[in-house]
Amino acid sequence: MNIIERLRWRYATKKFDPNKTLSKEQLHVLKEAFNLTATSFGLQTIKLVVVEDKAIREKLVEQAFFQKQVLEASHLLVICIQDDVEGQDVEKHFENVASIRNTPETILKPFRADLKKMMADKTVQERRNWSVNQAYIVLGNLMTVCAIEGIDACPMEGFRPQQFDEILNLKEHKLQSVLLLPVGFRAKDDMFADFKKVRKDLQSTIIEI
């Protein structure tokens, strides 16, 4: 299938087959895709928590308003943001740039200073909101990669982040959960799999200038 056919095949999976699991190779593709997703300035103020443990996911179902995909999917991907973006995050990023690209300090210094000032000028909430925007970019990228790889997924905003953070001990990692993406393979009796996509026509959604 080409990419458009794969995107037509994709849908927000309502019922997963609990007996089917992703291979290590498929899971690795999703991890790599997450890590390669574009983020503003390349700072990567986001992290991916991969939850396979069924016992933990049973506890999470209630906090996701009893959406069974959280438990029935092969894996639950939890997209998280750092609880804040600090000057040391900028420093570490530019250290990484220098190490990988061998970029001279004379070139990096002004960019580092500008980015540190930009972050310092924001409130904590503004920095968190900025990171949340990166999380949505990640979600979109992962959904597309899933479609290409023939992996079913269901993007979710409907859950209680604070309770998820407690169950997954995210505070210890200075993280906050933002989005969920159960991934796996659709159940044969998920009637939603055969529903036609409902989309506006291109003339209604595209403006050409």
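**Reading helix faces, salt bridges and a surface patch**

Tutor: In helix α2, the residues Gln-26, Leu-27, Leu-30, Ala-33 and Phe-34 are buried. Seen around the helix axis, these five positions span an arc of only 120°, so they lie on the same side of α2. Please keep in mind that the model is predicted.

Student: Which residues of α2 are exposed on the other side?

Tutor: Lys-24, Glu-25 and Leu-36 are exposed there. The buried residues, in turn, pack against β1 (46-51), β2, α7 and β4 (175-184).

Student: How many residues does helix α2 have, and what distance does it reach from its first C-alpha to its last?

Tutor: Helix α2 runs over residues 24-36 and has 13 residues. Its reach is 18 Å, close to the 18 Å expected at 1.5 Å a residue.

Student: May we read helix α5 in this manner? Which of its residues are buried?

Tutor: The buried residues of α5 are Asp-89, Val-90, His-93, Phe-94 and Val-97. Viewed down the axis, they fall within an arc of 130°, so they line one face of the helix. The face turned away from that buried side carries Lys-92, Glu-95 and Ser-99, which are exposed. Among the elements that cover the buried residues are β2 and α6. With 15 residues, α5 reaches 21 Å from its first C-alpha to its last, close to the 21 Å expected at 1.5 Å a residue.

Student: Which residue follows α5, and what is its phi?

Tutor: Asn-102 follows α5, and its phi is positive, near 55°.

Student: Are Asp-84 and Arg-127 buried or exposed?

Tutor: Both Asp-84 and Arg-127 are buried. A further salt bridge joins the side chains of Glu-91 and Arg-112, at 3.3 Å from N to O. This pair links distant parts of the chain, with Glu-91 in helix α5 and Arg-112 in helix α6 (residues 105-120), 21 residues apart.

Student: Why does Glu-91 count as partly exposed, and why does Arg-112 count as buried?

Tutor: Glu-91 counts as partly exposed because its relative accessibility is 25%. Arg-112 counts as buried because its relative accessibility is 12%. Salt bridges that share partners join Glu-91, Glu-105, Arg-112 and Lys-116 into one network. Elsewhere, Asp-121 and Lys-117 meet in a salt bridge of 2.8 Å, N to O, and both of these residues are exposed.

Student: Which residues form the nonpolar patch on the surface?

Tutor: The patch consists of Ile-3, Ile-4, Leu-7 and Ile-148, with about 320 Å² of accessible area together. Helix α1 (residues 3-9) supplies the largest share, three residues. Ile-148 lies in helix α7; with a relative accessible area of 47%, Ile-148 is partly exposed.

Conventions
Residues numbered from 1 in each chain as written. Predicted model: local features only at pLDDT ≥ 70, side-chain atom pairs only at ≥ 80, totals over all residues. Heavy atoms only, no water. Buried < 20%, exposed > 50% of the residue type's maximum accessible area, 1.4 Å probe, protein only. Salt bridge = Lys/Arg side-chain N within 4 Å of Asp/Glu carboxyl O. Helix = DSSP H or I, 4+ residues; strand = E, 2+ residues; numbered from the N terminus. Patch = residues over 30% accessible without salt bridge, like charges linked within 9 Å, V, L, I, M, F, W, Y side chains within 5 Å. Areas by Shrake-Rupley, 256 points an atom, 1.4 Å probe, with all protein chains shown as cover. Expected span 1.5 Å × (residues − 1). Arc of directions from axis to C-beta. Contact = heavy atoms within 4.5 Å.
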